[in-house]
Amino acid sequence: MSIRRVQIELNQCFLLQMSSKRLNNANIDPKIWLTRNHMSFLVDNLQFYLQADVLETQFVELETKLKKTKDFGEIRYSHDTFLTKIQAQSFMHNKVVYSCFNDIMDNCLSFSSLVNSIYNLRDEATPKRNEQLQHVIREFQVQTQALYKTLRSLEKRQIGSHLEQLLTRLNFNNFLAENNGLIIK
């Protein structure tokens with residue numbers, strides 16, 4: 001699943017919410033705005049972590065090693081190390097964390113789809129859609145809390161690792177820690 005796609009969909013929700021606000025739509029639920037903000041925050045920080053903290057850092061390390069050697073065996077070993085570190089720091093081999101990320105991304109897309117259908121001027125919010133939206137919001141809370149608790153339990157076993165960097169990004173201003181991993185109350 002593409003993180004960029006999720007970001008685009010969440011940004012589209014924001015645009016719909018803003019146009020609805022300009023039309024003075026009284027049916028704007030603040031919990032929907034807050035959820036979209038938190039989803040965007042989580043997805044943006046995950047994307048930045050992967051791009052800046054994982055890929056860029058590992059690429060610079062690989063590039064430095066490649067400049068120092070002419071031996072093909074060392075180059076291949078450095079490249080294999082590069083790929084292994086990227087996979088490890090992206091949690092591709094940790095099924096629990098990887099599954100949490102995928103579930104959150106799927107949930108963000110479901111949320112975006114529902115918000116788009118509710119705020120679309122040609123479509124009216126129905127009790128069923130509102131109920132579905134509340135279910136998606138609750139699922140996001142559960143998934144975020146599970147991700148945070150999983151990352152915290154892993155952190156206790158991996159002191160000084162890339163995991164601390166990701167947790168720092170996700171737990172900005174100690175917000176998740178103070179709310180036991182819950183984003184929306």
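Reader: What does the accessible surface of the protein chain come to, and what share of it belongs to carbon and sulfur atoms? After that, please describe how α2 packs against α4.

Author: This is a predicted model, in which local features need pLDDT of at least 70 and side-chain atom pairs pLDDT 80 or more, while totals for chains, interfaces and linings use all residues. Residues are numbered from 1 along each chain, and side-chain values use heavy atoms, without hydrogens or water.

The accessible surface of the protein chain is about 11,100 Å² (Shrake-Rupley, 1.4 Å probe), and carbon and sulfur atoms account for 54% of it. Of the 185 residues, 40% are buried (under 20% relative accessible area). The chain has seven helices and zero strands (DSSP runs of at least four residues for H or I, at least two for E). Of the contacts (heavy atoms within 4.5 Å) between residues at least 6 apart in sequence, 72% link residues at least 24 apart.

Now the helix pair. Helix α2 covers residues 30-68 and α4 residues 95-119; their axes come within 11 Å and cross at roughly 140°. The crossing is left-handed (the near helix turned anticlockwise from the far one by less than a right angle). From α2, the contact takes in Ile-32, Trp-33, Thr-35, Arg-36, Met-39, Leu-42, Val-43 and Leu-46. Facing them on α4 are Phe-101, Ile-104, Met-105, Asn-107, Cys-108, Phe-111, Val-115 and Tyr-119. The residues of this contact comprise 13 nonpolar, two polar and one charged.

Note on methods
Axes fitted to C-alpha atoms, helices over the stretch in contact; angles between N-to-C directions. Nonpolar A, V, L, I, M, F, W, Y, C, P; charged D, E, K, R; others polar. Buried < 20%, exposed > 50% of the residue type's maximum accessible area, 1.4 Å probe, protein only.
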